[in-house]
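Have a look at the structure first, then read on.

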Amino acid sequence: FSRTNKRVSDATIALFLSPFPKLLHPIVFKAIVALMDDRLRDAMGYEPVSPLTKAIVRAALSFRAFLLRHAALPRPEWLKVARTPE
């Protein structure tokens, strides 16, 4: 753990939190930390989150992926991302 790691991670997480209302910052912060693996979380100096929090975050993201895959309408042509052949 290094103090510079903590400063960089705090600034980066602040960028992720900026679009959300202040009321949701603690919840979104816990979700971000729950998505980190143990080595990254330790290197950034954050406390571990509970296994329940990790499970809830992963379930919420899986549910979002399911909804986008099966319930979302296709993008209109002007919003589609152009793909280039590899």
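1. Let's begin in helix α1. Asp10 and Lys6 sit four residues apart there, so about one helical turn separates them. Their side chains meet in a salt bridge, with 3.5 Å from N to O. Keep in mind that this is a predicted model, so every distance here is a computed one because the coordinates themselves are predicted.

2. How exposed are the two partners? Asp10 has a relative accessible area of 35%, which makes this residue partly exposed. Lys6 is partly exposed too, at 22%. The cut-off for buried is under 20%, so Lys6 at 22% falls in the partly exposed class.

3. The side chains of Lys54 and Asp38 form a salt bridge at 3.5 Å, N to O. Lys54 belongs to helix α4 and Asp38 to helix α3, which covers residues 38–44; the two are 16 residues apart. Lys54 is partly exposed, with a relative accessible area of 22%, and Asp38 is partly exposed at 41%.

4. Please also look at Arg41 and Asp42. Their side chains meet in a salt bridge of 3.0 Å, again N to O. Buried or partly exposed: which is Arg41? With 7% relative accessibility, Arg41 counts as buried, since buried means under 20%. Asp42, at 44%, counts as partly exposed.

5. These pairs don't stand alone. Salt bridges with shared partners join Asp38, Arg41, Asp42 and Lys54 into one network. The count of salt bridges in the model comes to four. As background, side chains of opposite charge can pair when their charged atoms come close.

6. Now the largest pocket. About 210 Å³ of space lies in it. Which of them gives the largest share? That is α2, with five residues.

7. What lines the largest pocket, by class? There are 12 nonpolar residues, with no polar and no charged ones. The lining residues include Leu15, Phe16, Pro19 and Phe20, and also Ile27, Val28, Ala31, Ile32 and Leu35. Val57, Ala60 and Leu61 are among the lining residues as well.

8. At 37% relative accessibility, Phe20 counts as partly exposed.

9. A last point, on Ala55. This residue is found in helix α4, the helix that also holds Lys54 of the salt-bridge network. Ala55 is partly exposed, with a relative accessible area of 45%. How far apart are Ala55 and His25? They are 30 residues apart in sequence and 19 Å apart in space, C-alpha to C-alpha.

Notes: Residues numbered from 1 in each chain as written. Predicted model: local features only at pLDDT ≥ 70, side-chain atom pairs only at ≥ 80, totals over all residues. Heavy atoms only, no water. 1 Å grid on protein atoms, 1.4 Å probe; cavity = no way out; pocket = protein on both sides within 12 Å on 5 of 7 lines; lining within 4 Å. Points joined across faces, edges and corners; volume = space filled by probe spheres on them. Nonpolar A, V, L, I, M, F, W, Y, C, P; charged D, E, K, R; others polar. Buried < 20%, exposed > 50% of the residue type's maximum accessible area, 1.4 Å probe, protein only.
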